Amino acid sequence: AEEQEDLRRLTAEFIAEEKQGIKEYKALAKSSKSYYEGSFTLLLKTIVHDSEKHLMILEFLEKKLKQA
């Protein structure tokens, strides 16, 4: 039971970190459109996309942990 609670807590922390990272990368991408002919913005958008995938996985895990 304690291990299950630790997993729930850690998953919630990872979700919060991913959400914060997405916000920060989006803001940075918006403010850096002219850097390196837009390639920096492309890189940041790719990072955001990866973080959104991580978030989907983490939210799935969170749901399963709550059902356990």
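A residue counts as buried under 20% relative accessible area, as exposed over 50%, and as partly exposed in between. His 49 has a relative accessible area of 45%, so His 49 is partly exposed. The legends below describe close-up views of a predicted model.

**View 1. Packing of helix α1 against helix α2.**
Helix α1 covers residues 2–31 and helix α2 covers residues 39–67. The two helices pack at an angle of about 160 degrees, and their axes are 9 Å apart. An angle over 145 degrees counts as roughly antiparallel, which means that α1 runs roughly antiparallel to α2. The contact between α1 and α2 comprises 15 nonpolar, five polar and eight charged residues. Their crossing is left-handed. In general, the angle between the axes and the distance between them describe two packed helices.

**View 2. The largest nonpolar core.**
Five residues form the largest nonpolar core: Ile 15, Ile 22, Val 48, Leu 55 and Leu 58. Helices α1 and α2 are the elements that give two or more residues to this core. The most come from α2, which gives three residues.

**View 3. The aromatic pair of Tyr 35 and Phe 40.**
The count of aromatic pairs in the model is one. This pair consists of Tyr 35 and Phe 40, with ring centres 6.2 Å apart and 40 degrees between the planes. Planes under 30 degrees apart would count as stacked and those over 60 as edge-to-face, so the pair of Tyr 35 and Phe 40 is classed as tilted. Tyr 35 has a relative accessible area of 43% and is partly exposed. Phe 40 is also partly exposed, at 28% relative accessibility.

Tyr 36 is located in the loop that lies between α1 and α2. Its phi is near 50 degrees, a positive value in a residue that is not glycine. The relative accessible area of Tyr 36 is 66%, so this residue counts as exposed. Glu 37 also belongs to the loop between α1 and α2. Although Glu 37 is not a glycine, its phi is positive, at about 55 degrees. Glu 37 is exposed, with 83% relative accessibility. Most residues other than glycine have a negative phi.

**View 4. His 49 and Glu 18.**
His 49 is part of helix α2. Along the chain, His 49 and Glu 18 are 31 residues apart, and their C-alpha atoms are separated by 11 Å. With 45% relative accessible area, His 49 is partly exposed.

**View 5. Glu 59 and Phe 14.**
Helix α2 contains Glu 59. Glu 59 and Phe 14 are 45 residues apart in sequence, and the distance from C-alpha to C-alpha is 9.7 Å. Glu 59 is partly exposed at 35% relative accessibility.

**View 6. Glu 17 and Lys 64.**
Glu 17 lies in helix α1. Its relative accessible area is 58%, so Glu 17 counts as exposed. In sequence, Glu 17 and Lys 64 are 47 residues apart; in space, they are 19 Å apart from C-alpha to C-alpha.

Definitions and conventions
Residues numbered from 1 in each chain as written. Predicted model: local features only at pLDDT ≥ 70, side-chain atom pairs only at ≥ 80, totals over all residues. Heavy atoms only, no water. Axes fitted to C-alpha atoms, helices over the stretch in contact; angles between N-to-C directions. Helix = DSSP H or I, 4+ residues; strand = E, 2+ residues; numbered from the N terminus. Parallel < 35°, antiparallel > 145°, perpendicular 65-115°, else oblique. Left-handed = near helix turned anticlockwise from the far one by under 90°. Nonpolar A, V, L, I, M, F, W, Y, C, P; charged D, E, K, R; others polar. Phe/Tyr/Trp six-rings, centres within 6.5 Å; stacked < 30°, edge-to-face > 60°. Buried < 20%, exposed > 50% of the residue type's maximum accessible area, 1.4 Å probe, protein only. Core = buried A, V, L, I, M, F, W, Y, C linked by side-chain atoms within 4.5 Å.
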